[in-house]
Amino acid sequence: MVGGGFQNILRIPELKRRVLFTFGLIAVYRVGVHVPTPGIDTVALASFFASAKGTLLGLFDMFSGGALERLSVFALGIMPYISASIIIQLLTVVVPHLEQLSKEGEQGRKKITQYTRYGTVLLSIIQGFGISIGLESMTSPGGAAVVIHPGWTFRIMTVITLTAGTAFIMWLGEQITERGIGNGISLIIFSGIVARLPIAITNTFRLVSTGEMGIFAILILVVLMLGVIALIVFVEQGQRRIPVQYAKRVVGRRMYGGQSTHLPLKINTSGVIPPIFASSIIMFPATIANFINVPWMQSVAGAMVPGNLAYELLYVVFIFFFCYFYTAVTFNPVDVADNMKKHGGFIPGIRPGKRTADYIDRVLTRITLGGAIYVSAVCVLPSILISKFNVPFYFGGTALLIVVGVAIDTVAQIESHMLTRHYEGFLKKGGGTRIKGRY
């Protein structure tokens, strides 16, 4: 194994710095989760959320790492940023200016990122204002008001606090992606889910000790989770390999090409993005509806409960949409076919150019269908089963997919850094000597 295993991470200065930087910023995020928003009766709010377990608020709280339950400065979490990213990516397909920017390389991507940041702030202001209005009308089951001193001062302060918190999380995520290891936004969601595990396990043991949950039910849940984890690892590593042959070419006195290779297409090309995006789309209006005391909005919020048929059907529809949409955004069969043609590559039995692009697109469409079915099954079926067991925490298939998927991607990046370091060392030892010999 390259570098002798992960114990050698600390021996590679660049990788060590990136890993420690990532852990440091995640620690900063976890500290911020415990900083409360001013003007809130935390005891009354905790009582309210205790009665909201298993609802969409419980799911939102899972994504925010417990910040919503405490109504901390990070209560909105990273969801406004994800929602803004979805909106910008959808607009890129229909707005010519954004489509042009997406093709302008690094400068265009920077401009799109800037628009995403503006959209994040705007959505945070809207959500923050909706939450502040709703909080004023909320009371705990005992009748205590959640807001100590309601009014415009509280509303403006809450909007500023929550918007600033989301902007700071967005900055943390971008810093982790750029200077740390792994995808920053995904790691922030990952840390929020994992941080709630000890409390969830403690609560489960407490329910077992009081007789509210049976040992048999716990065993079924454990087996279910282990089975889902095994399925995720198996499918995430799965590929559809399209054989590619490179023709022999004579350049000068040398002959190049002639080798056989393959084009690897992942079964789940979009990774953990579809469930995150789907959750974000459902959460944005439903969260505001939870806090606004209007009958028809309350009925909508009541229908949007994990385990409810309407919620799960809508969730599956969005997962399918984002599986295909994100795959189309990240993988362009026409570009792949053109690059193969330029380098003398071809798929046996398929003509280069448009025929090759059509063939790759057809294969990609079929495996994306399989990937969408897999993601939907992993995210929905455990959630329905767990809701029937009345589990005291939200840790369904969505959370498992995110945790395992992000862990696999992060480990792959660490291995990539270690592999790069290994070859750098090889080149310095071998290549350096030969270069000196020539002079």
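What volume does the largest pocket have?

## Largest pocket

The largest pocket has a volume of about 1,700 Å³. This is a predicted model, in which local features need pLDDT of at least 70 and side-chain atom pairs count only at pLDDT 80 or more, while totals for chains, interfaces and linings use all residues. Residues are numbered from 1 along each chain as its sequence is written, and side-chain values use heavy atoms, with hydrogens and water left out.

Gln89, Asn183, Tyr326, Val329 and Thr330 are the closest to the pocket centre among its 48 lining residues. A pocket is an open set of points on a 1 Å grid over the protein atoms alone, with protein on both sides within 12 Å along at least five of seven lines, and lining residues have an atom within 4 Å of a point. Two or more lining residues come from each of H5 (79–94), H6 (96–102), H7, H8, H9, H12 (273–291), H14 and H17 (397–438). Helices here are DSSP runs (H or I, at least four residues). H5 gives the largest share, seven residues. By class, the lining holds 18 nonpolar, 20 polar and 10 charged residues; Ala, Val, Leu, Ile, Met, Phe, Trp, Tyr, Cys and Pro count as nonpolar, Asp, Glu, Lys and Arg as charged, and the others, Gly among them, as polar.

## Cavity

One cavity of 30 Å³ or more is found in the whole structure. A cavity is a set of points where a 1.4 Å probe fits but cannot get out. The largest cavity has a volume of about 40 Å³, and its lining includes Asn268, Cys323, Thr327 and Thr368. H14 (309–330) and H16 (354–388) each supply at least two lining residues, with the largest share, three residues, from H16. The lining has three nonpolar, six polar and no charged residues.

## Helix packing

H7 (residues 105–136) packs on H8 (residues 152–179) at an angle of about 145°, with the axes 8 Å apart. Axes are lines fitted to C-alpha atoms over the stretch in contact, and angles run from 0 to 180 degrees between N-to-C directions. The contact (heavy atoms within 4.5 Å) includes Arg117 and Phe129 in H7, and Trp152 and Met170 in H8. Its residues comprise 10 nonpolar, eight polar and four charged.

H1 (residues 13–32) and H9 (residues 184–195) pack at about 60°, with their axes 10 Å apart. H1 and H9 are therefore oblique to each other, since angles under 35 degrees count as roughly parallel, over 145 as roughly antiparallel, 65 to 115 as roughly perpendicular and the rest as oblique. Thr22, Ile26, Tyr29 and Arg30 in H1 meet Leu187, Ile188, Ser191, Gly192 and Ala195 in H9.

Definitions and conventions: Points joined across faces, edges and corners; volume = space filled by probe spheres on them.
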